[in-house]
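Subject: Structure handover

Hi,

Here is the structure for your files. My notes on what turned up follow below it.

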Amino acid sequence: MSPIHPLVWLLALSFQVTNGLSIGSWLGGHGPTSRLDWQSYGNTYKAGGRIEFGMFLWAFGLMGNVFHDDELREIRRAALRNQEAASKEAEQSTGKGKAAKKGVDKVYMIPENGLFRWIFYPHYLCEWVEWTGFWVVGGWNCVPARSFLLNEIAAMLPRALQGKKWYEERFGKEQTAGRKAIIPGIL
């Protein structure tokens, strides 16, 4: 994992705490507040279907996010395995013990599995699907869930577009042709 500036870490932590407090406060104060409210809220076909659909979207997005993040981590894990094997091979050929190098040299590859075949940032897209599902569960009037989703899109979309340009500069247009930044076939 790349190093992160302490200010970025602090701002991210602040954002997450504020987000959690606002969503929890909204659900505690504006959603169903009594046992009777919860019983009537979930027993209607429309509310039950919306909640189930939202939970499905959330789970689908979460699984996709975990899968694609793991694909990115696997690139670094494979590089570490290769470096360790090369280090052991060098030790055996020279016969001298050598201190193991910690960390992984930067390795850049274009992932190929899952949605990486069509887009460069599927983990961002899956994050959006995940939080769209949460918004659906919370209800269309759940302002904090909607705000969080819109803030994520506003923060991640420019990074994805900039990242697509980086991939094109690093690997060339011929190797990156046909891939979009974040939405297959569109953007």
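**Salt bridges**

Arginine 179 counts as buried, at 8% relative accessibility. Buried means under 20% relative accessible area, exposed means over 50%, and partly exposed lies in between (1.4 Å probe, protein chains only). This is a predicted model: local features need pLDDT of at least 70, side-chain atom pairs count only at pLDDT 80 or more, and totals for chains, interfaces and linings use all residues. Residues are numbered from 1 along each chain as its sequence is written, and side-chain values use heavy atoms, with hydrogens and water left out.

The side chain of arginine 179 meets that of glutamate 112 in a salt bridge, 3.1 Å from N to O. Glutamate 112 sits in the loop between helix 3 and helix 4, and arginine 179 in the segment after helix 6 (173–176), so the pair ties together parts that are 67 residues apart in sequence. Glutamate 112 is partly exposed, with a relative accessible area of 46%. A salt bridge here is a side-chain nitrogen of Lys or Arg within 4 Å of a carboxyl oxygen of Asp or Glu. Helices (H or I, at least four residues) and strands (E, at least two) are DSSP runs, numbered from the N terminus.

The whole structure holds six salt bridges. A network of them links Asp70, Glu74, Arg77 and Arg81. Inside it:

- Aspartate 70 bridges to arginine 77, with the closest N and O atoms 2.7 Å apart.
- Glutamate 74 also bridges to arginine 77, with the closest N and O atoms 3.0 Å apart.
- Glutamate 74 and arginine 77 are separated by about one helical turn, because they are three residues apart in helix 3.
- Aspartate 70 is partly exposed at 35% relative accessibility, arginine 77 is partly exposed at 32%, and glutamate 74 is partly exposed at 28%.

**Overall layout**

How many helices and strands does the protein chain have? There are six helices and zero strands. Of the 187 residues in the protein chain, 30% are buried. The protein chain exposes about 12800 Å², and carbon and sulfur atoms supply 63% of that. Accessible areas come from the Shrake-Rupley method with a 1.4 Å probe; for residues, only the protein chains shown count as cover.

Now contacts, meaning heavy atoms within 4.5 Å. Among contacts in the protein chain with a separation of 6 or more, 75% are between residues 24 or more positions apart.

**Nonpolar core**

A nonpolar core is a set of buried Ala, Val, Leu, Ile, Met, Phe, Trp, Tyr and Cys residues joined through side-chain atoms within 4.5 Å. The largest one has 21 residues; Tyr121, Tyr124, Trp128, Ala160, Tyr167 and Ile182 touch the most other members. Helix 1, helix 4 and helix 5 are the elements that give two or more residues to this core. Helix 5 supplies the largest share, seven residues.

Tryptophan 128 touches Leu149, Glu152, Ile153, Met156, Leu157 and Ile182, leaving aside residues up to four places away in sequence.

**Aromatic pairs**

Rings of Phe, Tyr and Trp (its six-membered ring) pair if their centres lie within 6.5 Å; planes under 30 degrees apart count as stacked, over 60 as edge-to-face and the rest as tilted. The whole structure has twelve aromatic pairs. Phenylalanine 120 and tyrosine 167 are stacked, because their ring centres are 4.5 Å apart and their planes are at 15 degrees. This pair links distant parts of the chain: phenylalanine 120 is in the loop between helix 3 (45–94) and helix 4 (122–138), tyrosine 167 is in helix 5 (residues 143–171), and they are 47 residues apart.

Phenylalanine 120 is buried at a relative accessible area of 2%, and tyrosine 167 is buried at 9%. Both belong to a cluster in which ring pairs link Tyr108, Phe120, Tyr121, Tyr124, Trp166, Tyr167 and Phe171.

**Surface patch**

Ile4, Leu7, Val8, Trp9, Leu10, Leu11, Leu13, Val17 and Leu21 form a nonpolar surface patch, with about 890 Å² of accessible area together. Patches are made of residues with over 30% relative accessible area and no salt bridge: like charges are joined within 9 Å, nonpolar side chains (Val, Leu, Ile, Met, Phe, Trp, Tyr) within 5 Å. Valine 17 is in helix 1 (residues 6–30). Valine 17 counts as partly exposed, at 45% relative accessibility.

Best wishes
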